[in-house]
Amino acid sequence: MKKYEITGMTCSACVHRVESATLGVSGVESCAVNLLTGTMLVYGEPSESEVIQAVSDAGYGIIQAQDDTNFDTESRFLDKESPVLLKRLYLSVGFLIALMYVSMGYVMWGWYLPPVIANSPVIIALIQMALSLVIIVINSKFFINGINAVLHRSPNMDTLVALGSGVSFLYSLGVLILMCLDEDRTHYLHDLYFESSAMIVTLITVGKLLEAKAKGRTTSALKALMDLSPKLATVIRDGKEISIRAGEVLVGDIFVVRTGQGVPCDGIIIDGEASLDESALTGESVPVDKTIGDSVSASTINKNGFIKCRAERVGADTTISQIIKTVGDATATKAPIAKIADRVSGIFVPTIIAISLAVLAIWLILDAQIGYAVGRAISVLVISCPCALGLATPVAIMVGSGVGAKGGVLFKTAQALEVAGRVNIVALDKTGTLTTGKMSVKDIITPEGVAVNELLRLATSLEIKSEHPLARAIVEYGTQNGTEPYQTTDFSTHAGSGASAMLNGALLCGGKLDFISKFAHIPEDFINHALTLADSGKTPLFFAHGEQFIGIIAIADTLKDDSAQAISWLKANKVRVVMITGDNERTAKAIAHEAGIDSVIAGVLPSEKESAIRTLKADGRVMMVGDGINDAPALASADIGVAIGAGTDVAIDTAEVVIIKSSLLDVCNAIRLGRATLRNIRQNLFWAFFYNVIAIPIASGALAGIGFTLSPMIGALAMSLSSVCVVTNALRLNFFKMLKLDKNENIENEIDEEDDEMSIVLKVSGMMCPHCEARVKSALEAIEGVKEAKPNHKKSIVKISVDGEVDMQALKNAITACGYTVE
């Protein structure tokens, strides 16, 4: 794929002409031209010189786009069009005021003119001609481009403007000649259209200026990202800190970032700690704590702290640069919905010219005055707007892609953005997508006489020397709860069974039921409980010390905080959710039930997921969501592939959509943004077609019977505003709001507001599962005056409803006796 920059395009007809010329080159498989950005993507292996020659022969400028090695915020999105248009407009309006004073002020309303001018109709007409000619010269670009387009057999919007203004001027010139040949000259002044020829190009220039300003705002999201990039970096060279341009940082350089400063490039922290605002990349406003060994990304802001980092990726290789490049490439592509506008634009201008000639002929046949007939024909030419058709899709794609990038959702193509809006089936991988992919302790169950904290300490002492994922989960949980492990000896692992070690002369072991049963008797009720845990998708590990069974620790992958909320949104918005996983059916169904998913395809290998996706595609458009690695075949097979939790790896080849964060809610955001963009494009296309369908008949004089007609000047104004309306409508996408995790974790929210009973809330640490809650509840409710106890191990609190006075120390003693700590 090669990218080119095209100049000279003004409307959808130009886009059609450039695409047609390029597709005629040998070796070109397909191409996509974007009117908004002035770029063309060419797919295939054509000769570069032949592509350039073909586009040049079509009448347009073309150069191959240079690869970005540095993202220069100052020039990348610099508005070069508006200053030129503004200068033209100032000059045009100045001369137009003088022209309108003569043509309207004196001729129609009798405003003052010096007698030497007022007494000579020919001089008045010559002044009008001279002033309008000056304005036409100022706006000569319309005529140059319009005539050039005709010579290349590709008439465009400039052709219509040039025809409308040129015909008005030439018709008026003819009237001026007749005036000079006739003795009765005064009445000819009312047949002149010089002011119309000047007003047409001036009003079109106004519209073009407004359009350019509005188009500039379509990239506001990207500009906001780029503006976060620091201009300077502080690097350490020869033992000294020096300031250099951020673009001059080299891989391997050591740079420092102080509080309030931005990170100049991607790197690794080698010294210090800081809280970084990564909202530029992820859309998440909460700062992230970073320390030695953690990665940092360009454009993130140091909110607090000091860090010294080693540069890993600089310039165009940084994450933020890759995001901007991805969005830029996406906006250069074309959405399938734009094809209808492409088909119309190919014949639009010739059709309008034909209609204009037909209108002229019809009015002349109906014995209308020639001036009236010409006026109707000119109105048809200048009111027709191929610009709106050409801008309807790309402006919405540009804004939608930018908003997505700012929120951490990257669409690689315009088609991906459109397909996301049409998805009705979402297939989810389990590990790393629905779940965190990280094992954690879920339940701790002990027999009578064994404290929960003691079991955790023994289990941590055993597993601390193991590298197994289940063992690491226990050790991490023990560390989080302040557990001090015992010193063990003779540690050994038993493949597929468990692990063992010696502690105080007795064997300490943990693992599967069959393994532990060799060393200790396990009560039947604990075995049944372990089966129940397994049915709920958890892995029960049994532990024994000496010949005594000391309890069960159940471990499972943890559902992400936002998974249930995301699934709920998808189902509420008529999107079928299917989980595809290689896990056994029992575990898969347990996770699916917890997340609220009804359809599960379990026990499939990565290579078999592709077949499952093909089956689902028979029922609708399928979005596959995975980690972008082992799910690559399925991502490629789906209608749209989404790589979730990509972090800084935004260039995953097999996914059309890349989600920076590991948030399933952003999958919902991708669909919502796709739907919003698709809706916006439909509105734009409807307006573009509806405007022309309504405006052209009115301009032709279809309503003249009821006394309603449009002058060429009003037609030019309407044409200008139609494009502005399309761009302004697309800008509404900037108000799109991303879904966020609904967190409500305040202790106060655990207390019912309507509860009038006296309540005590205690902060209790050490509770780890519902069984812990049951033990605490039973102990507290045995105390006189306690009506009800509601422990919550997730919040580490106990709400106690009491009747009258209760001994606080008795409550604390009861909880402590169960093996927990009242904080």
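Biologist: What is the order of the strands in the open sheet, and in which sense do they pair?

Modeller: In this predicted model, the sheet has four strands, ordered β26-β27-β25-β28, and the pairing is antiparallel.

Biologist: What makes β26 and β28 edge strands?

Modeller: β26 (786–792) and β28 (821–822) each pair on one side only.

Biologist: How do you know that β26 and β27 pair?

Modeller: Two strands pair if DSSP finds at least two bridges between them. β26 and β27 (residues 797–802) have six bridges, in the antiparallel sense. One of the partners in β27 is K799, bridged to K790.

Biologist: Which helix packs on the sheet at β26 and β27, and at what angle to β26?

Modeller: Helix α28 (residues 770–781) touches both strands, and its direction makes about 160° with that of β26.

Biologist: Which strands does helix α29 lie across?

Modeller: Helix α29 (residues 808–817) lies across β25 (759–765), β26, β27 and β28. Its angle to β25 is about 35°.

Biologist: Why is α14 called roughly parallel to α27?

Modeller: Helix α14 (residues 370–383) and helix α27 (residues 712–731) pack at about 10°, with axes 8 Å apart. Angles under 35 degrees count as roughly parallel. So α14 is roughly parallel to α27.

Biologist: Which residues meet there, and of what class?

Modeller: G375, R376, I378, S379, V382 and I383 of α14 meet P712, G715, A716, A718 and M719 of α27. By class, seven are nonpolar, three polar and one charged. R376 is the charged one, because Arg counts as charged.

Notes: Residues numbered from 1 in each chain as written. Predicted model: local features only at pLDDT ≥ 70, side-chain atom pairs only at ≥ 80, totals over all residues. Heavy atoms only, no water. Axes fitted to C-alpha atoms, helices over the stretch in contact; angles between N-to-C directions. Helix = DSSP H or I, 4+ residues; strand = E, 2+ residues; numbered from the N terminus. Parallel < 35°, antiparallel > 145°, perpendicular 65-115°, else oblique. Contact = heavy atoms within 4.5 Å.
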